[in-house]
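I set out to record what could be looked up in this structure. The entries below follow the order in which I consulted it.

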Amino acid sequence: MLNGAEGVLRWHVPHRGTLDAETVTPLLLDTAANRAWLTAWLTHAISWVRQWQTPLALNLDARQLQQPETLTQIKTVWRTASLPWSLLMLEIDETAFAALDTRQCAHLLEMGEKGVRIVVDHVGQGACAFGLLAHLPVHALKLAGTWVTQIGRDERVEKLLDGLLQFGNAMGFTVIAEGVATAAQRDFLAALGCRFQQGPIFGPWQESTKPLTLRQTASPQASHNRP
């Protein structure tokens, strides 16, 4: 069954065409630009949250986290919107998560006490800090698609995925597999107990102006995310 959706925001810039987040993010190293971008993006996304009453997952780049104002600004904008804190999730890349300093952890702990949840992205692709997983308000782990593509090719990777799933489930985390592209990958992960998956097998990327559709590929063992 459809459990959620993931959106990608792109910007149309005169004389340059459409830019995605990977192109725009380096521009946000400037403090003023980062502040303006965050406020504009959050204000726009909050209108969706009000309409759908569904959690918002905000992806944060490691360079943004290094700026002292970023987490404070997010808290200010969300507080001004008067939305439940439980509707806000912060999605942080595994390597950036492992590099969190004391100040950032203090901010995240405070936000966690309010109900904000953390999603650690691309797990298995970088360097993970297990101590932080035990102490910060982590809600979900997203298994890197680079590991998923090795299913059926590398037995050691399959054992690694099994171990990561067992670890995540034992810790009470929601574990999501990224980049699921084939029925064999989908069914292998489902047999391991991975109830949440996302990737091209569940449907192509769609423009936001088009109605949301889902391919009928779900296996009976699990329910899945669309890409």
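Which residues does H107 touch, not counting residues up to four places away in sequence? I found that H107 touches L71, T72 and K75 on that count, a contact being heavy atoms within 4.5 Å.

I note that this is a predicted model, in which local features need pLDDT of at least 70, side-chain atom pairs count only at pLDDT 80 or more, and totals for chains, interfaces and linings use all residues. Residues are numbered from 1 along each chain as its sequence is written, and side-chain values use heavy atoms, with hydrogens and water left out.

I located H107 in helix α6 (residues 102-114). H107 counts as buried because its relative accessibility is 16%, and buried means under 20% relative accessible area with a 1.4 Å probe, protein chains only.

I then turned to the sheet. I read an open sheet of 6 strands in the order β3-β4-β5-β6-β7-β8, with parallel pairing; strands pair if DSSP finds at least two bridges between them. The edge strands, β3 (56-60) and β8 (196-197), each pair on one side only. Helix α4 (residues 69-81) packs on this sheet and touches β3 and β4. The direction of α4 makes about 160 degrees with that of β3, on a scale from 0 to 180 degrees between N-to-C directions.

I looked up β4 (residues 88-93) with β5 (residues 117-123) and found parallel pairing over 5 bridges. In β5, V120 stands opposite I92.

For the whole chain, I noted 10 helices and 8 strands, these being DSSP runs of at least four residues (H or I) and at least two (E), respectively. Of the 227 residues in the chain, 41% are buried.

How values were computed. Buried means under 20% relative accessible area, exposed over 50%, partly exposed in between (1.4 Å probe, protein chains only).
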